[in-house]
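Good morning, and thank you for joining.

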Amino acid sequence: MPVLRVYGLQVGIIFLLLQVETSLGSNYVTISQDGPAVLGAAITLRADLFDMSGNRPSGKFQYSWTDHGFHSYTSEWTSNTTTYWTLVYPAKNSTIGIHHVEVTVRSSFVITYEIAKGMSDVRITSMLNGKIMISQPNRTTESRYVSSTSEAKSIVSLHKGDYNYLMTNATSISTFWFVDCKFYGQSENFSFGYNFTIPNTSHTIEALVIASFDPPPLTTVAPVTTSTTTIPTSSSMAPPVPINSTKLNTTSTPNETTPATRTTSTTVKPMSSSTPMTNSIPEMGNLSFPYVCLNSSIIPPDPNKTYGYFVRKVDVRAPISNITVEGTNWVQPWALLSLNVSCGGTGPFSKCLQYHQGVYNVTGNETCSFMDKLQSCNFSITHYFLEPSVYTILVILNNDIGKQIYPLTINIYKVTTKPQLSVIVVPVTCSLVAMVLIIFGVAYYIQSRARFTIEVADFDFGHSNPEMEYKTFTERLRDSFNNAVSHGSERISIRPPYYGSMNR
């Protein structure tokens, strides 16, 4: 019996070891973070557990975090495959640089054993972390290109941890703005507006954020003296307002990609061009600004303040405008549509065409998988339409700063075939002429018939003509010919000779 127990224990240990070994090779953990973070700001790490097929495993897990000497944390047993750990490196007793963080995931089956491990590096900086975003109508982008026709609003977008740290602990925050090493004033809401009006030029935008954590100076109030017969001789003095002091908003927590905003709103106007800065390091009262225009070695920063220096280079471009189309949009089926399109703006351009039957309503989200590259905005559209209908051609144009969608309505009409005017006029005219000729011919015939009289010769040989008895046949025939010649157009009357009483 003891032998069986020992044998069963050995089998159980072997099975447990096989399961532990299988678990170690079948899971992995990934770590993500929202760093880097400035000294004193919180940085949040996230660990996700997966099996080798990419699915979430089931069971109970325990997560142990450590950064090798500074911080450590072990979670409770949980069935969640996602865990978070938030680190804070205080500004007074922490060092900047790279810190190695490790998470170990354990599971339990009779004993506790490790199933996965992951590592990551977090970077702690002495300056604020973020970037400058450019906001213009209908677009907020990190692109280097800005439009010359609208105001470019520069916004300092801080990392989430840095923003929350300033909103919670800073007593004053100011942002100083520079364009091409020229000071344009300060703002209290991390934003600055400027118009870049000259296309095809380049500029450098710099923002210097200065956060102070010094408590505001105490306010002293002079005692008020009163009299029963007179009004108070002195009134309470208004407390002095510290330079750059601002009421902070701790309720909003923007993401890393969300521009940081303040509760106050200050309009920044560029300094007058009549009073240019005397050097590249502008001064405001007795304050000097480090880091600007790469001058960190000339003016040392104040160690009691937290700085953030951000720079952005931009190229100014003219947007697409004045789209014109030349040509007719009324064509017949199987006829060639020929249009010429031109526009203004800064190239290079890209274009594509989309054909839709009927009237198309533009949504603004139309895209093309393939775009034709153009150096100048001048191109032609040729197309054959086979069926009579209404069509819409979408002309999608892009350049470095925007997109324009221009709809063209095309009308394909079918012509009803009608006989030409000559086909009707010529036969009618000819018919009328023929009728006139027939009428005139009949009238002429009737008139000629009336003037033409036919005399019938009377060969009555039974009667004798006493006037011709004394003339011979030859004489009478000669007289008849003479009469015919002498009278011209008169009628010729020939009488046959009378042989009644002639003597042979």
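Which residues does Ser75 touch, not counting residues up to four places away in sequence? Ser75 touches Gln62 and Tyr63, where contact means heavy atoms within 4.5 Å. Ser75 itself sits in the loop between strand E5 (72–74) and strand E6 (82–88). With a relative accessible area of 8%, Ser75 is buried; the term buried means under 20% relative accessible area, exposed means over 50%, and partly exposed lies in between, with a 1.4 Å probe and protein chains only.

Before going further, a word on the source. This is a predicted model, in which local features need pLDDT of at least 70 and side-chain atom pairs count only at pLDDT 80 or more, while totals for chains, interfaces and linings use all residues. Residues are numbered from 1 along each chain as its sequence is written, and side-chain values use heavy atoms, with hydrogens and water left out.

Let us turn to the whole chain. Of its 504 residues, 34% count as buried. Among contacts between residues at least 6 apart in sequence, 66% join residues at least 24 apart.

Gly97 belongs to strand E7 (residues 97–109) and is partly exposed, at a relative accessible area of 24%. Leaving aside residues up to four places away in sequence, Gly97 touches Val122, Arg123 and Ile124.

Next, the interior. In soluble globular proteins, nonpolar side chains tend to be buried together. A nonpolar core here is a set of buried Ala, Val, Leu, Ile, Met, Phe, Trp, Tyr and Cys residues joined through side-chain atoms within 4.5 Å. The largest such core has 51 residues, and Trp65, Leu166 and Phe196 have the most contacts inside it. Strand E8 (residues 111–125) supplies the largest share of this core, five residues. A second, separate core of 20 residues includes Ile323, Cys343, Cys377 and Ile412.

That brings us to the disulfides. How many disulfides are there? The count comes to three, a disulfide being a pair of cysteine sulfur atoms within 2.5 Å. Their pattern is 1-2, 3-6, 4-5, with bonded cysteines counted along the chain.

Cys181 is joined to Cys293, S to S 2.0 Å. The torsion about their S-S bond is about -140 degrees, so this disulfide is left-handed. Cys181 is partly exposed at 32% relative accessibility, whereas Cys293 is buried at 16%.

Cys343 is joined to Cys377, S to S 1.7 Å. Here the torsion is about 115 degrees, so the disulfide is right-handed. Cys343 is buried at 16% relative accessibility, and Cys377 is buried at 6%.

Cys352 and Cys368 form a disulfide with sulfur atoms 1.7 Å apart. Its torsion is about 55 degrees, so this disulfide is right-handed. Cys352 lies in strand E23 (residues 349–357) and Cys368 in the loop between E23 and E24, so the pair ties together parts that are 16 residues apart in sequence.

Conventions:
Helix = DSSP H or I, 4+ residues; strand = E, 2+ residues; numbered from the N terminus.
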